[in-house]
Amino acid sequence: MARREVKRVNGELFTMTYGALVAQLLEDYESDDEVNKQLDKMGYNIGVRMVDDFIANTNTERCGSFKETCTTLAKEGFRMFLGVTATISNWTADDKECTLTIDDNPLVAFVELPDEHRELNYCNMYCGAIRGALELLQYRTRVTMTKDVLKGDKDTQLTITLLEVLDDVPPPED
Amino acid sequence: MESRTHPLDRALPRVPRDISLSTYALLFSEVVRYTTNRVNSVPELEQKLAVIGRRVGVRLVEVMAMRDRTSRRRIKIHDVLAFLQTNLWRTLFGKPADLLEQVTSDVCSYMLSDHDMLVNKFISISKEYGDLNCAAFVGGIVEAAVDGMGFPAEVAAHTVEGKGTTLLIKFDHTKIPQEAL
């Protein structure tokens with residue numbers, strides 16, 4: 001496959017496959033909380049792989065700081081993988097926490113959250129994916145959903161908190 | 001649901017937007033990984049994937065029908081098959097399916113083949129999974145689609161030497177009227 005040629009598929013197939021997965025999880029687990037955890041876990045696995053894909057397909061310069069990394073992730077990462085842009089705002093004074101806003105969230109296109117699943121963070125996979133991606137880049141973070149369109153908010157917002165900068169440890173055989 | 005418009009009140013975009021293939025591949029592989037951890041056998045795994053596929057199929061065909069300006073009802077089995085090969089495949093994978101054949105001796109069984117099944121491109125199957133074909137998911141989509149058109153069928157995905165992935169579509173004899181054949 002030629003590099004940099006980004007192949008594309010029907011976005012609705014994607015949206016519906018995600019929905020079908022969430023439906024399956026709700027069937028398999030008893031609490032919304034457990035489903036949130038599973039979605040986060042799956043997101044993590046995806047995020048870790050996305051970083052590789054991103055670096056292989058773009059000419060992005062190395063990001064020097066956590067702030068810069070988050071901005072690149074929001075702007076270029078989201079555009080490359082989801083075709084939408086996200087914005088970063090509300091940095092705390094120590095540059096360790098920020099808010100990521102997804103303007104036009106593709107996952108929720110056909111979704112209505114039933115009343116009995118008010119605790120479900122339908123888009124929780126985002127949190128895992130961002131955490132996974134940042135962890136591969138040596139930033140251990142906590143990512144939580146703070147605003148959810150499905151619960152009546154105007155947009156989807158996540159809060160990213162930097163917990164620890166991991167040491168760049170080479171694999172033992174190097 | 002205070003400020004948000006209901007999904008049904010929003011206009012359906014005329015052309016669905018695209019998404020990066022890698023994103024889809026990663027999501028699908030998580031679906032497969034998750035399902036694998038919850039079953040004990042390959043047939044059970046394929047069955048579960050088909051259930052997930054069916055959920056997608058029902059919804060996808062509904063949006064397709066809404067976009068379809070011809071609003072023609074497909075009442076012949078061959079129209080239904082042509083719909084699968086062309087319309088459904090184009091919507092799903094951006095190209096028609098490669099081959100459609102009737103199983104000799106049976107007017108209700110057909111094989112729909114794709115040399116390069118999108119969902120299988122990124123899944124490598126280890127030995128202990130033998131003849132697993134993750135296109136069972138696509139089989140589920142097809143099952144839901146034909147069911148919605150009034151042509152219930154059982155669909156199974158097989159790996160066939162030289163043809164890639166073949167979906168064996170077996171329509172239910174008892175439910176297909178003679179004049180549809």
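Glu30(B) counts as buried, because its relative accessibility is 3% and buried means under 20% relative accessible area, exposed over 50% and partly exposed in between (1.4 Å probe, protein chains only). The model is predicted, so local features need pLDDT of at least 70 and side-chain atom pairs count only at pLDDT 80 or more, while totals for chains, interfaces and linings use all residues. Side-chain values use heavy atoms, with hydrogens and water left out; residues are numbered from 1 along each chain as its sequence is written, and chains are lettered from A in the order in which they are written.

**Glu30(B)**

- Glu30(B) is found in helix H1 of chain B; helices (H or I, at least four residues) and strands (E, at least two) are DSSP runs, numbered from the N terminus.
- Leaving aside residues up to four places away in sequence, Glu30(B) touches Met42(A), Asn45(A) and Ile46(A), where contact means heavy atoms within 4.5 Å.
- The side chains of Glu30(B) and Arg33(B) are joined by a polar contact of 3.0 Å.
- A polar contact is a pair of N or O atoms within 3.5 Å; within protein, one must be able to donate a hydrogen and the other to accept it, and residues adjacent in sequence count only if both atoms are side-chain atoms.

**Interface of chain B and chain A**

- Chain A brings 47 residues to the contact and chain B brings 39 residues.
- About 4,000 Å² is buried between chain B and chain A, and carbon and sulfur atoms give 62% of this area.
- Of the area that chain B buries against chain A, Arg17(B), Ile19(B) and Tyr34(B) supply 18%, more than any other three residues.
- Buried area is the accessible area (1.4 Å probe) that two parts lose on being put together, summed over both.
- The rule finds 16 residue pairs in polar contact across the interface, both residues being at pLDDT 80 or more.
- On the side of chain B that touches chain A, at least two residues each come from strand E1 (18-20), helix H1 (21-36), helix H2 (42-67), helix H3 (77-93) and helix H4 (136-148) of chain B.
- H1(B) gives the largest share of that side, 10 residues.
- By class, the side of chain B that touches chain A has 21 nonpolar, six polar and 12 charged residues.
- In these classes Ala, Val, Leu, Ile, Met, Phe, Trp, Tyr, Cys and Pro count as nonpolar, Asp, Glu, Lys and Arg as charged, and the others, Gly among them, as polar.

**Salt bridges**

- Over all chains the count comes to 17 salt bridges, a salt bridge being a side-chain nitrogen of Lys or Arg within 4 Å of a carboxyl oxygen of Asp or Glu.
- Five salt bridges are found across the interface of chain B and chain A.
- Lys48(B) forms a salt bridge with Asp28(A), with the closest N and O atoms 3.7 Å apart.
- In chain B, Lys175(B) and Asp172(B) meet in a salt bridge (3.7 Å, N to O); Lys175(B) counts as exposed at 52% relative accessibility, and Asp172(B) as partly exposed at 27%.
- Salt bridges that share partners join Asp28(A), Arg38(B) and Lys48(B) into one network.
- Lys95(B) and Asp114(B) also meet through their side chains in a salt bridge (2.9 Å, N to O).
- This pair links distant parts of the chain, 19 residues apart: Lys95(B) is in the loop between H3 and strand E2 (99-102) of chain B, and Asp114(B) is in strand E3 (residues 109-114) of chain B.
- Lys95(B) counts as partly exposed at 27% relative accessibility, whereas Asp114(B) is buried, with a relative accessible area of 1%.
- In chain A, the side chains of Lys37(A) and Glu34(A) meet in a salt bridge (3.9 Å, N to O).
- Lys37(A) and Glu34(A) are separated by about one helical turn because they are three residues apart in helix H2 (residues 32-57) of chain A.
- Both count as partly exposed: Lys37(A) at 49% relative accessibility and Glu34(A) at 28%.

- The 18 residues of helix H1 (residues 11-28) of chain A should span 26 Å at 1.5 Å a residue, and the end C-alpha atoms are 26 Å apart, which agrees.
- The expected span is 1.5 Å times one less than the number of residues in the helix.
- H1(A) is largely enclosed by the rest of the structure, because 14 of its 18 residues are buried.
- Asn10(A) caps the N-terminal end of H1(A), where a side-chain oxygen lies 2.7 Å from the backbone nitrogen of Glu12(A).
- Thr141(A) lies in strand E4 (residues 139-147) of chain A and counts as buried at 5% relative accessibility.
- Not counting residues up to four places away in sequence, Thr141(A) touches residues including Phe66(A), Arg131(A) and Ile160(A).
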